[in-house]
Amino acid sequence: MSLIHHVVTGAGQPPVVFVHGIACSHTDWDAQARVLSRSHQTVAVDLRGHGQSPGTAAECSIERYGADVAEVMRALDLPPAVIVGHSMGCRVVTEAALQAPERTAGLILVDGSQFAASMGPVMKERFDRPDGYREMIGGWFTDMFTVRSDRTAASAVMVRAATLAPEIGMKMLTDLVRYDITRFSSALTCVRVPVMAIQTTYSNEKRDRTTMRPGQNTPFLDMLRANVASLRVEIIEDTGHFPQLDEPARTNALMTDFLAGLR
């Protein structure tokens, strides 16, 4: 397969590489690329089977996605970049950093989480039902927004999620559980660059989602603190799962500050 679809804008170092979550696309980062490209080269990718990148379920995994992002960074001959991942993309950027350490200056994890092992059987049972996958993904995406979210933007994200090929969606949700319980923590211990976590929601073991408040701690943040050598945690309160859409100005400001600290 040729390089995954990617959009390059702006100039300046360090470059910023944006990686979306499951059932999403590079356009989720438009507000960030628009601002950061004034002083940085930005690259926004579509992962396999998403957006404008083709892909089959057999080709999709967190490790393969990370390798694809690393391959784009090498093909563009990027100097060490900050790789930004949202949701599922937090795992992908971790893998990209491990596969291209010489191209990585830092990581930004936007509203990440970690699946519990107990979710594996739950998802399999749902997938075995008629329309079980679509009902589950529809409910999860509805919970990713709040009453403060822009209704038009939220609706567009939910419609897009519903159009992801079910075989890819089910494969990647299953793979997320596999990655989270077997590799995520250990992979993070191998990251040797500064990491910032921008956290806005908390998902419990049943994937019930609530917004965060300043100073709040979660098992996911505990996991990061235990495994990441250089970690900065920032909480944007009363915000849904997509702070890059719901709170673009605050998200951009945090990213800009993190980038400035690397110079």
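Modeller: α5 gives the most to the lining of the largest cavity, three residues. Helices here are DSSP runs of H or I, at least four residues, numbered from the N terminus. This is a predicted model: local features need pLDDT of at least 70, side-chain atom pairs count only at pLDDT 80 or more, and totals for chains, interfaces and linings use all residues. Residues are numbered from 1 along each chain as its sequence is written, and side-chain values use heavy atoms, with hydrogens and water left out.

Biologist: Which residues lie nearest the centre of the largest cavity?

Modeller: Phe115, Trp140, Met144, Arg207 and Arg209, out of 16 lining residues. Lining means an atom within 4 Å of a cavity point; those points sit on a 1 Å grid over the protein atoms alone, where a 1.4 Å probe fits but cannot get out.

Biologist: How much space lies in it?

Modeller: About 160 Å³, as the space filled by probe spheres set on the points.

Biologist: Switching to α6. Which of its residues are buried?

Modeller: Ala154, Val157, Arg160 and Ala161. Buried is under 20% relative accessible area, exposed over 50%, partly exposed in between (1.4 Å probe, protein chains only). Seen down the axis of α6, they fall within an arc of 125°, so they line one face. The arc is that of the directions from the helix axis to the C-beta atoms.

Biologist: And which exposed residues are on the face turned away?

Modeller: Thr152 and Thr163.

Biologist: What caps the N-terminal end of α6?

Modeller: Asp150 does, with a side-chain oxygen 3.1 Å from the backbone nitrogen of Thr152.

How values were computed
Helices (H or I, at least four residues) and strands (E, at least two) are DSSP runs, numbered from the N terminus. A polar contact is a pair of N or O atoms within 3.5 Å; within protein, one must be able to donate a hydrogen and the other to accept it, and residues adjacent in sequence count only if both atoms are side-chain atoms. On a 1 Å grid over the protein atoms alone, a cavity is a set of points where a 1.4 Å probe fits but cannot get out, and a pocket is an open set with protein on both sides within 12 Å along at least five of seven lines; lining residues have an atom within 4 Å of a point.
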